[in-house]
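Q: Please take a close look at one part of this model, namely the packing of helices. A connected account, with the surroundings of that part included, would be welcome.

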Amino acid sequence: MNDTLVIFYCLGGTSREVAHALADEQGWALGQVVEAKPRGGWPGLLRCALDTLRQRLPPVRYEGPEPAGFQRVVLVAPIWLGSVAAPMRSFAASAGRSWRQYAVVTTSATGESSRAEAELAAILGHEPIGCAAFHTRHVTDGSYAPVLQEFGGLLAGIGYPVARPQALGAIKPAPAG
Ligand SMILES: Cc1cc2nc3c(=O)[nH]c(=O)nc-3n(C[C@H](O)[C@H](O)[C@H](O)COP(=O)(O)O)c2cc1C
C-alpha cells in the first residue's frame, strides 16, 4: 500500500500552491477535487456563500489516484465563511468513510481554520491526525514554506496503524510584523 495522498480543492490558487508544495517536498501523490459547475465571477462567489450558509454539498468529481490505496490522505482547502470550502465537504462526505488517517490543511485570509477540523471530523467520524492553517498572505510571500515543511515532516514520521489519533496540533506561521 502507498503512503500519503494529498488532495486539494482550490478556487483562487492558494490551496493548489500549498498542496503542490507539500506533495513535491515529501514525494507524495496528488489528487484534486473539481466542481461539476465552476464558480466564476460574482454569481460564483454568491454560490460559495449560499453553499456554506445552507451547508449544501455541491456535486464534485475527483481527479487523481484512488484514495483507498493510501495509508493516509492530507486534505488541503480554503476557508469559506468560517467553514471548510463546500466542495471539500462534498468530497469527504462521498469518499472519506474508508480513510484510515487524514490530516487537514487550510488556507484563509486570517490564517484561522475556524470550524474546518470539527466539520471534517463530524463528516468522517474521527479526528484528523494533524492540522495546519496558513494565511493566504504567507503563502503568497513564501514565508509559510518552513512551516509546511515541518508539518509534512511530522506527518511523514507518524507510523501506522496508530493506536490513538496522534494529534500534531495546529501549526501556524508566526504573524508577520
Ligand atoms: C466565498 C469566500 C469566503 C471566504 N471566507 C473567509 C473566511 O471566513 N475567513 C477567512 O479568513 N478567509 C475567507 N476567505 C478567503 C479565503 O479563505 C482565502 O483567500 C483562501 O486562501 C483562498 O484559497 P484558494 O485560493 O485556494 O481558493 C473567503 C474566500 C471566499 C471566496
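A: Two residues are in contact if their C-beta atoms, placed from the backbone, lie within 7 Å. By that criterion, residues 24 or more positions apart account for 79% of those contacts in the protein that have a separation of 6 or more. The model is a predicted one: local features need pLDDT of at least 70 and side-chain atom pairs count only at pLDDT 80 or more, whereas totals for chains, interfaces and linings use all residues. Numbering starts from 1 along each chain as its sequence is written.

The protein has six helices and eight strands; these are DSSP runs numbered from the N terminus, helices being H or I with at least four residues and strands E with at least two. Their order from the N terminus is β-α-β-α-β-β-β-α-β-α-β-α-α-β. Of the 177 residues, 40% count as buried, meaning that 20 or more other C-beta atoms, placed from the backbone, lie within 10 Å of the residue's own; with 12 or fewer a residue is exposed, and in between it is partly exposed.

Two packed helices are described by the angle between their axes and the distance between the axes. Axes are lines fitted to C-alpha atoms, for helices over the stretch in contact, and angles run from 0 to 180 degrees between N-to-C directions. Helix 3 (residues 86–95) packs against helix 4 (residues 116–124) at about 25°, the axes being 9 Å apart. Helix 3 is therefore roughly parallel to helix 4, since angles under 35 degrees are classed that way, those over 145 as roughly antiparallel, 65 to 115 as roughly perpendicular and the rest as oblique. The crossing of helix 3 and helix 4 is right-handed, which is to say that the near helix is turned clockwise from the far one by less than a right angle, anticlockwise being left-handed. Helix 3 contributes Arg89, Ala92 and Ala93 to the contact, and helix 4 contributes Glu119, Leu120, Ile123 and Leu124. Five of these residues are nonpolar, none polar and two charged; Ala, Val, Leu, Ile, Met, Phe, Trp, Tyr, Cys and Pro count as nonpolar, Asp, Glu, Lys and Arg as charged, and the others, Gly among them, as polar.

Val84 is buried because 27 other C-beta atoms lie within 10 Å. Its C-alpha atom is 7.1 Å from that of Arg115, 31 residues away along the chain.

Ser114 belongs to the loop between strand 6 and helix 4. Its phi is near 50°, a positive value in a residue other than glycine. Most residues other than glycine have a negative phi. With 17 other C-beta atoms within 10 Å, Ser114 is partly exposed.

The axes of helix 1 and helix 6 (residues 145–156) come within 10 Å and cross at roughly 55°, so helix 1 is oblique to helix 6. This crossing is right-handed. Val18, Ala21, Leu22, Glu25 and Gln26 of helix 1 meet Ala145, Leu148, Gln149, Gly152 and Ala156 of helix 6. The contact of helix 1 with helix 6 comprises six nonpolar, three polar and one charged residues.
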